[in-house]
Amino acid sequence: MMTGIWSDSALLIVSCCGGRDNIQEISCCATRLRLQLKDVTLFKEHDIQKIPGVAGILFRQGQPQIVIGLDAAQYYDELKKEL
């Protein structure tokens, strides 16, 4: 996967999370992006699942985790640039 695809997907993820102002914190593990959102009702789960590279969505303690797979760190790096 190329950086351009990660970057494009990162922009879509930010939008589907309610925008930059709604994302309080983001972290990643080996396969997931972990988000802390101010207002989780702005999270567009259905739209995020359509983004290239997204394998699924989990919720832990009321907050979303986006399952990416082994490219999670690259997506994380691109997301940090957008925030």
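This is a predicted model: local features need pLDDT of at least 70, side-chain atom pairs count only at pLDDT 80 or more; totals for chains, interfaces and linings use all residues.
Local features are reported where pLDDT is at least 70, side-chain atom pairs count only at pLDDT 80 or more, and totals for chains, interfaces and linings use all residues. Residues are numbered from 1 along each chain as its sequence is written, and side-chain values use heavy atoms, with hydrogens and water left out.

Helices (H or I, at least four residues) and strands (E, at least two) are taken as DSSP runs, numbered from the N terminus, and two strands count as paired if DSSP finds at least two bridges between them. On these terms the model has an open sheet of 4 strands in the order β1-β2-β4-β3, with antiparallel pairing. Strands β1 and β3 stand at the edges with a single partner strand each, so one side of each has no neighbour in the sheet. From one strand to the next the twist averages 25°; here axes are lines fitted to C-alpha atoms, for helices over the stretch in contact, and angles run from 0 to 180 degrees between N-to-C directions.

The pairings can be followed across the sheet. Strand β1 (residues 23–28) runs antiparallel to β2 and is joined to β2 by 5 bridges, with I26 opposite L35. A hairpin through 3 residues connects β1 to β2. On to strand β4 (residues 63–67), β2 makes 3 bridges, again in the antiparallel sense. Here R32 faces V67, L33 faces I66, and R34 has Q65 as its bridge partner. Strands β3 and β4 pair antiparallel over 5 bridges, and in this pairing L58 stands opposite Q65.

How are the side chains of these strands covered? Burial is judged by relative accessible area: buried means under 20%, exposed over 50%, and partly exposed in between, with a 1.4 Å probe and protein chains only.

Most residues other than glycine have a negative phi. Q61, although not a glycine, has a positive phi of about 50°. Q61 lies in the loop between β3 (56–60) and β4, where the hairpin has 2 residues between the strands. With a relative accessibility of 83%, Q61 counts as exposed.

Helix α3 comes next. This helix lies across β1 and β2 and runs at about 150° to β1, contact being defined as heavy atoms within 4.5 Å. Its buried residues are A72, Y75, E78, L79 and E82. Viewed down the axis of α3, they fall within an arc of 130°, so they line one face of the helix; the arc is that of the directions from the helix axis to the C-beta atoms.

Two of these buried residues, E78 and E82, bring the account to the charged pairs. Side chains of opposite charge can pair when their charged atoms come close. A salt bridge is counted when a side-chain nitrogen of Lys or Arg is within 4 Å of a carboxyl oxygen of Asp or Glu, and a search of the whole structure finds 2 of them.

In one, the side chains of E82 and R20 meet at 3.4 Å, N to O. E82 belongs to helix α3 (residues 72–82) and R20 to the loop between α1 (3–16) and β1, so the pair ties together parts that are 62 residues apart in sequence. E82 is buried, at a relative accessible area of 16%, while R20 is partly exposed, at 48%.

In the other, E78 and K81 meet at 3.1 Å, N to O. Both residues lie in α3, 3 residues apart, which is about one turn of the helix. E78 has a relative accessible area of 7% and is buried, whereas K81, at 60% relative accessibility, counts as exposed.
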